[in-house]
Amino acid sequence: MDSSWQEWTAADAAEWIVAPAADDDKYSRGVLGVVAGSPEYPGAAVLAVEAAHRAGLGMVRYTGPRAVRTAVLARRPETVTSPGRVQAWLVGSGIDPGRRSFMVLGDLQGALASRQPVVLDAGALDLVGTHTAPTVITPHVRELAALLASREIETSVAQVREAPAEWALRAAGELGVAVLLKGAVTHICDPDGDRYTVTARTHWLASAGTGDVLGGILGALVATHHQRLTTDAEALSALAATAAWVHGEAARRATEAVDGGPVTALDIASAVPRVIGALLAY
Ligand SMILES: NC(=O)C1=CN([C@@H]2O[C@H](COP(=O)(O)OP(=O)(O)OC[C@H]3O[C@@H](n4cnc5c(N)ncnc54)[C@H](OP(=O)(O)O)[C@@H]3O)[C@@H](O)[C@H]2O)[C@@H](O)CC1
Ligand SMILES: Nc1ncnc2c1ncn2[C@@H]1O[C@H](COP(=O)(O)OP(=O)(O)O)[C@@H](O)[C@H]1O
């Protein structure tokens with residue numbers, strides 16, 4: 001185990017990007033189930049689903065609230081809205097943990113009980129530890145501080161902001177999951193001692209919804225590698241670092257395309273296929 005943090009590179013990311021082969025079908029390429037979005041935050045589901053499709057996988061299933069489903073389908077008619085086989089989950093983005101209905105809580109618990117690998121975000125972070133499936137949590141600084149405080153680990157937003165590496169490690173150790181702590185430098189670590197950083201190449205990333213796009217990219221990568229994750233849960237941290245790298249590079253390309261001007265979360269999602277293409281050619 002190396003005690004230092006390794007900056008993830010294009011070469012590292014390229015190892016985790018796979019193109020479909022002649023014997024593939026939509027199921028072998030990975031099906032991502034998404035439990036995200038709510039009447040309060042429908043956009044988070046749209047952004048996560050959009051990014052997952054753009055990152056390349058076999059299928060996205062979304063069975064959330066009707067109004068959100070309609071918004072998701074308006075943007076991505078490729079999305080399947082009936083229940084069925086799922087090989088990885090993205091849960092919690094765009095859900096307020098204080099306003100979860102019984103139905104949403106049931107969907108979240110059902111996903112976590114399925115034993116498929118899971119990306120836990122935003123409004124599902126409090127459920128970490130209620131299941132045994134391979135898990136990566138994707139908090140930002142405030143969410144990590146709140147999560148640790150809820151587990152009686154004394155900390156504050158200021159402390160996590162001051163020493164993100166330290167608190168990401170603490171979370172991985174205490175919670176027993178891979179951690180992707182978002183920020184201008186994103187820290188990824190796991191209980192096995194893997195430690196990666198991804199330094200953002202543009203600060204235009206700091207805008208609403210970009211974290212939901214990251215969740216979609218990571219969900220797609222986890223779904224794509226679902227087979228490997230059944231025997232190698234440690235791969236989750238490498239997949240998380242790859243997702244953060246792809247996200248950062250997509251943002252860099254998106255701002256470059258507008259001469260260094262601002263980019264939106266959807267712009268970043270739209271830039272993802274070219275990043276994937278470049279990594280395949282790497
Ligand atoms: N298009 C969509 O649908 C999007 C949906 N999203 C979804 O939204 C959900 C919440 O995510 P989040 O990241 O806004 O929650 P978090 O940061 O905990 O803020 C909670 C509250 O804390 C406060 N507050 C926060 N920061 C502060 C500061 N620096 N300084 C001072 N106060 C601060 C502030 O409250 P206020 O003080 O303004 O009342 C804020 O409201 C989550 O499910 C996510 O997926 C987003 O992805 C965006 C795009
Ligand atoms: N100052 C910054 N510079 C570069 N990237 C940032 C900065 N602040 C946040 N980010 C990145 O932007 C994204 C924001 O995600 P998140 O906080 O979940 O926002 P949202 O919930 O609005 O989607 C993360 O990928 C994070 O790493």
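Predicted model: local features only at pLDDT ≥ 70, side-chain atom pairs only at ≥ 80, totals over all residues.
On the H2 side, the residues involved are Leu-47, Glu-50, Ala-51, Arg-54 and Ala-55. They meet Ala-265, Leu-266, Ala-269, Ser-270, Val-272, Pro-273 and Ile-276 in H11. Sorted by class, this contact has nine nonpolar residues, one polar and two charged.

H2 has another partner, H3 (residues 66–75), and here the angle is about 40 degrees with the axes 9 Å apart. This crossing is right-handed too. From H2 come Pro-42, Ala-45, Val-46, Val-49 and Glu-50, and from H3 come Ala-67, Val-68, Ala-71, Val-72 and Arg-75. That contact splits into eight nonpolar residues, two charged and no polar ones. Glu-50 turns up in the contact with H3 and also in the one with H11.

Next, have a look at H8 and H10. Their axes come within 9 Å and cross at roughly 135 degrees, which makes H8 oblique to H10. The crossing is right-handed. H8 brings Val-213, Leu-214, Ile-217, Leu-218, Leu-221 and Val-222 to the contact, while H10 brings Leu-239, Ala-240, Thr-242, Ala-243, Ala-244, Val-246 and His-247. Eleven of these residues are nonpolar, two are polar and none is charged.

Now for the sheet. Nine strands make up an open sheet with mixed pairing, and the order is S1-S9-S8-S7-S6-S5-S4-S2-S3. S1 (6–7) and S3 (59–62) sit at the edges with a single partner strand each, so one side of each has no neighbour in the sheet. Elsewhere in that order, S7 (residues 178–181) and S8 (residues 185–189) pair in the antiparallel sense over three bridges. If you want a specific pair to click on, Leu-181 has His-187 in S8 as its bridge partner.

H4 (residues 102–113) lies across S2 (31–35), S4 (88–91) and S5 (118–120), running at about 150 degrees to S2. H8 lies across S2, S4 and S5 too, at about 165 degrees to S4. So what does H8 touch overall? H8 lies across those strands, meets H10 and, as it turns out, supplies residues around ligand 1 and ligand 2.

That brings us to the ligands. Ligand 1 is surrounded by 15 residues, and the closest are Tyr-41, Gly-43, Ala-44, Ala-122 and Ala-208. H2 (42–55), H5 (141–150) and H8 each supply at least two residues of this shell. The shell around ligand 1 divides into five nonpolar, seven polar and three charged residues.

Around ligand 2 there are 16 residues, with Ala-184, Ala-200, Leu-205, Ala-206 and Gly-211 coming nearest. Which helix gives the largest share of the shell around ligand 2? That is H8 (residues 210–224), with four residues. By class, the shell around ligand 2 has six nonpolar, eight polar and two charged residues.

How values were computed. Residues numbered from 1 in each chain as written. Chains lettered and ligands numbered in written order. Near = placed C-beta within 6 Å. Nonpolar A, V, L, I, M, F, W, Y, C, P; charged D, E, K, R; others polar. Axes fitted to C-alpha atoms, helices over the stretch in contact; angles between N-to-C directions. Parallel < 35°, antiparallel > 145°, perpendicular 65-115°, else oblique. Left-handed = near helix turned anticlockwise from the far one by under 90°. Contact = placed C-beta atoms within 7 Å. Pairing = 2+ DSSP bridges.
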